[in-house]
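Me: Please pick one part of the model below and go through it closely. Keep it brisk, and give the cut-offs as terms come up.

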Amino acid sequence: MGVKIRRLIAVYIDLMIILFPNYYFFDFWLQFSKNIFFQFFLSIVGFLVYINIFLRKDVILGYESIGKKLMCLKIYDENNNRLKDKKILVDRIYHSLWTFNIYIFMILINNKSSGDYKMKTTVR
């Protein structure tokens, strides 16, 4: 299987691993509230927790996310060394998040996201 497809599958796995526990946790608490303001506040908090975990998905368990570990992908810098700087890993995802609506096309065409271009990284 090609690197591009494995990379897209890895992102999908990461999204599902983060989304489902987060959704069910906050949905459980939303059932007990009848106050619309509390529900709105809890929804905003749930979204912020989701984004926060997603930004740090590559640094929670080592230097690649669970999806990347399952798909046997590693992140390399511009000198072909394994990337082990947690700040760069978080910044890479942060910059990729801004163009997430075209992420699939960027990966399928160049195998690089906007975060890869900005932080000069490669996923193999």
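Reply: Start at Arg82, which counts as partly exposed because its relative accessibility is 31%. On this scale, buried is under 20% relative accessible area, exposed is over 50%, and partly exposed is in between, with a 1.4 Å probe and protein chains only. The model is predicted: local features need pLDDT of at least 70, side-chain atom pairs count only at pLDDT 80 or more, and totals for chains, interfaces and linings use all residues. Residues are numbered from 1 along each chain as its sequence is written, and side-chain values use heavy atoms, with hydrogens and water left out.

Arg82 forms a salt bridge with Glu64, the closest N and O atoms being 2.9 Å apart. A salt bridge here needs a side-chain nitrogen of Lys or Arg within 4 Å of a carboxyl oxygen of Asp or Glu. Glu64 sits in the loop between helix 2 (36-55) and helix 3 (66-70), and Arg82 in the loop between strand 1 (75-76) and helix 4 (86-98), so the bridge ties together parts 18 residues apart in sequence. Helices (H or I, at least four residues) and strands (E, at least two) are DSSP runs, numbered from the N terminus. Glu64 has a relative accessible area of 5%, so this residue is buried.

The structure holds 10 salt bridges. Some of them join up: Arg7, Asp14, Lys57, Asp58, Lys68, Arg92 and Asp116 are linked in a network of salt bridges. Take Lys57 and Asp14. Their closest N and O atoms are 3.2 Å apart in a salt bridge. Lys57 is in the loop between helix 2 and helix 3, while Asp14 is in helix 1, so the pair ties together parts 43 residues apart in sequence. Lys57 is buried because its relative accessibility is 9%. Asp14 is buried too, with a relative accessible area of 3%.

Next comes Asp58, whose side chain meets that of Lys68 in a salt bridge (3.2 Å, N to O). This pair also links distant parts of the chain: Asp58 is in the loop between helix 2 and helix 3, Lys68 is in helix 3, and they are 10 residues apart. Asp58 and Lys68 are both buried.

With 1% relative accessibility, Arg7 counts as buried. Its side chain makes a polar contact with the side chain of Asp116 at 2.4 Å. A polar contact is a pair of N or O atoms within 3.5 Å; within protein, one must be able to donate a hydrogen and the other to accept it, and residues adjacent in sequence count only if both atoms are side-chain atoms. Leaving out residues up to four places away in sequence, Arg7 touches Leu73, Arg92, Tyr103, Ile107, Asn111, Lys112, Ser113, Asp116 and Val123. Contact means heavy atoms within 4.5 Å.

Ser113 is one of those partners. It lies in the loop between helix 5 and helix 6 (114-119). Ser113 is buried, at 0% relative accessible area. Its side chain makes a polar contact with the side chain of Ser96 at 2.8 Å. Beyond its neighbours within four places in sequence, Ser113 is in contact with Arg7, Ser96, Tyr103, Met106 and Ile107.

Asn111 is another partner of Arg7. Asn111 follows helix 5 and has a positive phi, near 60°. Its relative accessibility of 14% makes Asn111 buried. The C-alpha atoms of Asn111 and Val123 are separated by 7.8 Å, although the two are 12 residues apart along the chain. Not counting residues up to four places away in sequence, Asn111 touches Val3, Lys4, Arg7, Met106, Asp116 and Val123.

Phe105 counts as exposed because its relative accessibility is 53%.
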